[in-house]
Protein chains: 2
Amino acid sequence: MTCARYVHGYSPRESVRLGDQAQTLADLLHGDERYPSGALVLEAGCGTGAQTVILTRKNPTAQFVSVDIAPESLEQASRAARRVGANNVRFEQADLLQLPYSNGMFDAVFVCFVLEHLSAPLRALTELGRVLRPGGTVTVIEGDHGSAYFHPESALARKAIQCLVDLQKQAGGDALIGRRLYPVLCEAGFTRVRVTPRVVYADASRPEMVEGFTRNTFNAMVEGIADDVRRKGMMDAASWRQGIADLHRAAGPDGVFNYTFFRARAQKAV
Amino acid sequence: MTCARYVHGYSPRESVRLGDQAQTLADLLHGDERYPSGALVLEAGCGTGAQTVILTRKNPTAQFVSVDIAPESLEQASRAARRVGANNVRFEQADLLQLPYSNGMFDAVFVCFVLEHLSAPLRALTELGRVLRPGGTVTVIEGDHGSAYFHPESALARKAIQCLVDLQKQAGGDALIGRRLYPVLCEAGFTRVRVTPRVVYADASRPEMVEGFTRNTFNAMVEGIADDVRRKGMMDAASWRQGIADLHRAAGPDGVFNYTFFRARAQKAV
């Protein structure tokens with residue numbers, strides 16, 4: 001695949017994080033994703049299978065083809081699927097920009113946390129549209145790091161998050177893609193595009209969100225770029241430490257953290 | 001009242017804007033606000049009555065006391081209430097920091113778009129708690145201008161919004177108060193504090209939100225500070241014009257605009 005290399009996603013700790021993230025967020029993001037019996041669904045960019053195990057379990061009578069460019073991710077995804085006894089999915093290596101499938105072969109396409117990593121999200125969506133049957137639906141779920149804000153306010157915490165955005169940009173991706181799902185899906189030729197924001201809000205009255213999202217997902221993701229930030233001289237060590245401390249402060253007893261994911265549903269014109 | 005002077009709210013055009021805002025947002029923000037029959041509700045800081053006319057109509061068997069510091073606003077609010085035939089509200093001039101009511105007199109308190117203007121929101125909430133009966137509820141609704149983001153991205157549009165935040169700060173208020181409702185309500189001694197974000201998302205598939213919120217509410221509010229920005233030299237004229245144009249660009253056919261309001265509900269300890 002000619003996509004950007006991942007900013008995150010490959011270390012063992014990251015796999016744990018992505019698993020946590022999937023569990024905490026699954027209901028919020030695609031707990032209501034339902035496919036009819038017999039539907040053939042393409043999961044494009046399945047990674048290590050974090051969403052696959054949920055989708056296949058919630059839709060036991062649909063058939064999934066889950067693809068990724070990275071053999072090592074597919075290997076993990078396959079093991080995860082076996083672990084939960086999912087027998088309605090097959091894994092295949094494929095390039096999102098050049099899928100080995102014929103036109104209109106799928107009833108639905110599911111894409112989650114993938115476009116943010118691509119240098120050509122529009123081309124990918126166009127290719128996904130090609131393999132979708134007329135009238136078929138595409139579901140796209142992406143975050144937007146520019147949607148993160150918190151209390152207490154901290155310029156250094158913001159700067160640390162900006163490093164993540166900048167690194168993803170340097171790698172060819174777009175950490176702010178959530179907000180532009182509507183125009184990019186329209187441009188890719190889909191109709192009936194409907195985007196709904198799905199907000200994660202975490203204060204001390206919701207300890208499971210503070211732990212599962214603020215600490216173990218978002219803050220862990222920012223902390224995961226520490227080496228890159230240091231190597232590239234993006235922030236000095238003391239500022240970085242303070243920025244991370246401030247992010248954790250937002251997960252404290254009087255802290256608040258907000259983040260918005262975007263879920264888009266669209267149709268291929270009949 | 002010793003509160004900050006309003007950054008917005010007093011010009012005729014502003015009154016229209018606030019009316020539009022109330023109509024577009026009422027359902028999102030407090031369309032589900034219900035009070036039991038016979039309940040005595042204090043609406044603290046009713047302004048020109050934009051929320052009053054909705055609250056009183058949706059809760060015809062509750063009794064409202066709507067107060068504000070400004071006689072001219074009360075006059076308008078009173079006219080608005082008469083226009084819709086609301087006979088379950090009386091208007092009184094009062095200082096939120098020193099209410100002319102006895103302890104525990106109200107069953108509920110409703111505060112909408114008020115704390116953002118106060119230099120002492122904690123003191124106001126403490127005073128509101130005083131006049132609330134034990135077990136009574138307080139509802140607080142506030143925006144957060146730091147929650148605004150949009151597509152296409154624009155540094156000048158962000159800067160224009162920052163001028164609004166800075167002006168509100170200079171006037172003693174806090175345009176970012178939405179995100180800290182949880183800690184401030186806890187600090188004021190309330191229990192069972194529950195905050196829910198309420199997101200306004202506007203793209204071309206939701207023309208009523210683009211028109212009613214992005215253009216006529218948010219962009220109009222930013223444009224409303226043009227004179228202050230120029231007088232104080234906060235942005236040069238060309239940058240300001242471009243920032244405003246970019247905000248309107250986000251209301252265009254391929255634009256997207258996001259904003260989050262926060263609604264908090266809490267109880268006075270029994």
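What rotation superposes chain A on chain B?

**Entry 1: the model.** I worked from a predicted model, in which local features need pLDDT of at least 70, side-chain atom pairs count only at pLDDT 80 or more, and totals for chains, interfaces and linings use all residues. Residues are numbered from 1 along each chain as its sequence is written, chains are lettered from A in the order in which they are written, and side-chain values use heavy atoms, without hydrogens and water.

**Entry 2: symmetry.** I found that a rotation of 180° with 0.0 Å of shift along its axis places chain A on chain B, with RMSD 0.0 Å (least squares on C-alpha atoms of residues with pLDDT of at least 70 in both). The two copies are therefore related as by a two-fold rotation axis. In chain A, Ser147(A) comes closest to that axis, its C-alpha lying at 3.6 Å.

**Entry 3: contact and area.** I noted 30 residues of chain A in contact with 30 residues of chain B (heavy atoms within 4.5 Å). The area buried between the chains is about 2,400 Å², and carbon and sulfur atoms give 58% of this (accessible area, 1.4 Å probe, lost on putting the two parts together, summed over both). Tyr149(A), Arg179(A) and Tyr182(A) supply 29% of the area that chain A buries against chain B, more than any other three residues.

**Entry 4: salt bridges.** I looked up the salt bridges across the interface and recorded 2 (a side-chain nitrogen of Lys or Arg within 4 Å of a carboxyl oxygen of Asp or Glu). Arg179(B) and Glu153(A) form a salt bridge through their side chains, at 3.1 Å from N to O.
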